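Hi everyone, thanks for coming.

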Amino acid sequence: MDIHTDLTLSQTDHRPMYLQIMDQIRHRVAAGDWPPGREIPSIRAMAAGLSISVITVKRAYLELERDGVIITRQGKGSFISDNPGLGSSLQQQALDAHLQDAIDSASLLGLDDQALLKRLQSLQQLRKEKKV
């Protein structure tokens with residue numbers, strides 16, 4: 001199976017395409033769908049599969065390398081990093097981003113820390129009740 005076919009780019013997403021690629025790869029790694037050590041498509045193969053510029057995919061790969069998500073071995077290709085805590089770390093980063101969005105939204109609504117915490121606890125309680 002070609003894993004690059006799992007990625008999709010949205011024309012309605014206002015983020016640059018390289019960020020969409022990065023987010024999808026990070027999500028796949030965090031979810032465990034793309035395990036450590038797995039080879040990922042070459043820059044050219046990914047670009048051809050998504051019908052986009054090689055430069056766009058190259059930028060995504062360079063950023064992912066810089067963040068330690070992938071590694072590129074000269075002449076062998078690019079792979080998901082073998083870092084044992086990578087999936088968990090990416091999950092924590094995603095949670096932090098969502099919580100930051102919640103803090104920003106609460107600020108726009110004029111909610112203080114206690115009101116935000118109370119709302120979070122209320123939502124957590126509803127989730128627990130749905131599981132029972």
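This is a predicted model: local features need pLDDT of at least 70, side-chain atom pairs count only at pLDDT 80 or more; totals for chains, interfaces and linings use all residues.

Residues are numbered from 1 along each chain as its sequence is written, and side-chain values use heavy atoms, with hydrogens and water left out.

Okay, the core. By a nonpolar core I mean a set of buried Ala, Val, Leu, Ile, Met, Phe, Trp, Tyr and Cys residues joined through side-chain atoms within 4.5 Å. Buried is under 20% relative accessible area, exposed is over 50%, and partly exposed is in between, using a 1.4 Å probe and protein chains only. The largest core here has 22 residues, and the ones touching the most other members are Ile-21, Ile-25, Val-29, Val-69 and Ile-80. At least two residues each come from helix H1 (17-30), helix H2 (43-50), helix H3 (54-66) and helix H4 (86-109). H1 gives the largest share, six residues. Those helices are DSSP runs of H or I, at least four residues, numbered from the N terminus.

Let's zoom in on Val-69. Leaving out residues up to four places away in sequence, Val-69 touches, among others, Ile-25, Val-29, Leu-64, Phe-79 and Leu-90. A contact here is heavy atoms within 4.5 Å.

Back in H1, look at Gln-24. Is Gln-24 buried or exposed? Buried, because its relative accessible area is 16%. Beyond four places in sequence, Gln-24 touches Asp-6, Leu-7 and Thr-8. A polar atom of the Gln-24 side chain also lies 2.3 Å from the backbone oxygen of Thr-8.

Last stop, charges. Side chains of opposite charge can pair when their charged atoms come close. For a salt bridge, I'm asking for a side-chain nitrogen of Lys or Arg within 4 Å of a carboxyl oxygen of Asp or Glu.

Asp-23 pairs with Arg-15 at 2.1 Å, N to O. Asp-23 is partly exposed at 36%, and Arg-15 is partly exposed at 35%. Asp-67 and Arg-66 meet at 3.0 Å; Asp-67 is partly exposed at 34%, while Arg-66 is exposed at 60%. Then there's Asp-82 with Arg-73, where the closest N and O atoms are 4.0 Å apart. Finally, salt bridges with shared partners link Arg-26, Glu-63, Arg-66 and Asp-67 into one network.

Conventions. A polar contact is a pair of N or O atoms within 3.5 Å; within protein, one must be able to donate a hydrogen and the other to accept it, and residues adjacent in sequence count only if both atoms are side-chain atoms.
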